[in-house]
Structure formats: C-alpha cells, structure tokens
Amino acid sequence: MKEKETDIVKAILDYLAYKHIIAWRNQSGMLISSYKGKERAIRLGKKGVADIIGVFPDGSGRIMCLEVKTQIGKPTPEQSEFLESVREAGGIAEIVRSIEDVIKLIKPSQEYYKRKIKELE
C-alpha cells in the first residue's frame with residue numbers, strides 16, 4: 001500500500017511534538033460553501049504555502065517551513081516559489097519525505113543545544 005502524504009505529515013508533526021519543537025499543520029485549499037441557497041468557493045490559506053510551519057530549533061527564532069511529499073511527489077511551482085522566498089528571507093524551507101529527512105535537518109541544531117547545556121554545567 002502506498003504511503004499517503006497526510007500520514008507522513010502526521011508522523012512528522014508527532015515527532016516534532018515529541019522533541020518539543022513548535023510546529024503546526026498549515027491547511028490550505030478550497031472549500032465550497034452554501035449560504036442562503038448560493039454556493040461559493042472560499043480559499044483556505046495561501047496557495048503554495050508549506051504543509052508544516054514552525055520555529056527552527058536552533059535558538060534563532062527563524063521560521064521553518066516543511067513541504068511534505070511522498071517518495072515520488074513533486075512540488076507545484078507555487079510551493080517551490082514559496083520555499084525559495086522563505087530561504088531568501090533567512091528562514092529554513094525544505095521538501096521532506098520522511099521523519100528521517102526532518103531528523104537530518106534539525107540534527108545540527110540539536111547538537112548546538114547539547115553543547116550549550118554542557119557549557120552551562
């Protein structure tokens with residue numbers, strides 16, 4: 001059975017919560033609503049914004065934007081543009097396909113904190 005993007009997002013969010021890293025699911029898309037007999041489309045979020053938004057755990061307060069894809073998934077042009085704009089502004093923005101990708105991304109920041117704690121001891 002193929003792994004679903006939503007399952008990967010949930011697993012990553014669970015891992016980040018376990019590590020006490022501030023992060024949340026950023027919902028976006030379109031909702032069709034009916035009011036007084038009229039249907040209308042309501043946009044949820046900004047097109048192209050990453051699936052997971054958070055604070056990079058290196059003490060800098062930088063934004064962390066993670067676009068989650070399956071092993072064969074590809075970002076849309078809007079998603080690629082969003083990630084690039086975050087990088088240009090000094091944030092962390094990556095395409096991730098697994099918890100392992102996230103671990104590799106945040107590992108240097110975890111090492112930074114281990115060194116700081118040892119300095120305080």
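This is a predicted model: local features need pLDDT of at least 70, side-chain atom pairs count only at pLDDT 80 or more; totals for chains, interfaces and linings use all residues.
Student: What makes β5 and β6 a pair?

Tutor: Two strands pair if there are at least two bridges between them. Strand β5 (residues 63-68) and strand β6 (residues 92-96) have five bridges, in the parallel sense. So they count as paired. Within β6, Glu 94 stands opposite Leu 66.

Student: Why is the unit of β5, α2 and β6 called right-handed?

Tutor: Point the strands away from you. If the path from the first strand over the helix to the second runs clockwise, the crossover is right-handed. β5, helix α2 (residues 77-88) and β6 make a β-α-β unit of that hand.

Student: Which residues of α2 are buried?

Tutor: Gln 79, Phe 82, Leu 83 and Val 86. Each has a relative accessible area under 20%.

Student: How do you know that they line one face of α2?

Tutor: Look down the helix axis. The buried residues fall within an arc of 95°, so they line one face. What covers them includes β5 and β6. On the other side of α2, Pro 77, Glu 81 and Glu 88 are exposed. Just after the helix, Gly 90 takes a positive phi of about 100°.

Student: Why is Glu 67 called buried?

Tutor: The cut-off is under 20% relative accessible area. Glu 67 has 0%, so Glu 67 is buried. This residue lies in strand β5. Among the residues that Glu 67 touches are Gln 79, Leu 83, Glu 94 and Ile 95.

Student: What makes a set of residues a nonpolar core?

Tutor: The residues must be buried and nonpolar, and joined through side-chain atoms within 4.5 Å. The largest such core here has 17 residues. Ile 12, Leu 16, Ile 52, Met 64, Leu 66, Val 68 and Val 102 have the most contacts inside this core. α1 (5-18), β5, β6 and α3 (99-120) each supply at least two of its residues. α1 gives the most, with six. Apart from this core lies another, of eight residues, including Val 49, Phe 82, Leu 83 and Val 86.

Student: Which residues does Leu 66 contact, leaving aside neighbours within four places in sequence?

Tutor: They include Ile 12, Leu 16, Ile 52 and Val 102. In soluble globular proteins, nonpolar side chains tend to be buried together.

How values were computed
Residues are numbered from 1 along each chain as its sequence is written. Side-chain values use heavy atoms; hydrogens and water are left out. Helices (H or I, at least four residues) and strands (E, at least two) are DSSP runs, numbered from the N terminus. Buried means under 20% relative accessible area, exposed over 50%, partly exposed in between (1.4 Å probe, protein chains only). Contact means heavy atoms within 4.5 Å. The arc is that of the directions from the helix axis to the C-beta atoms.
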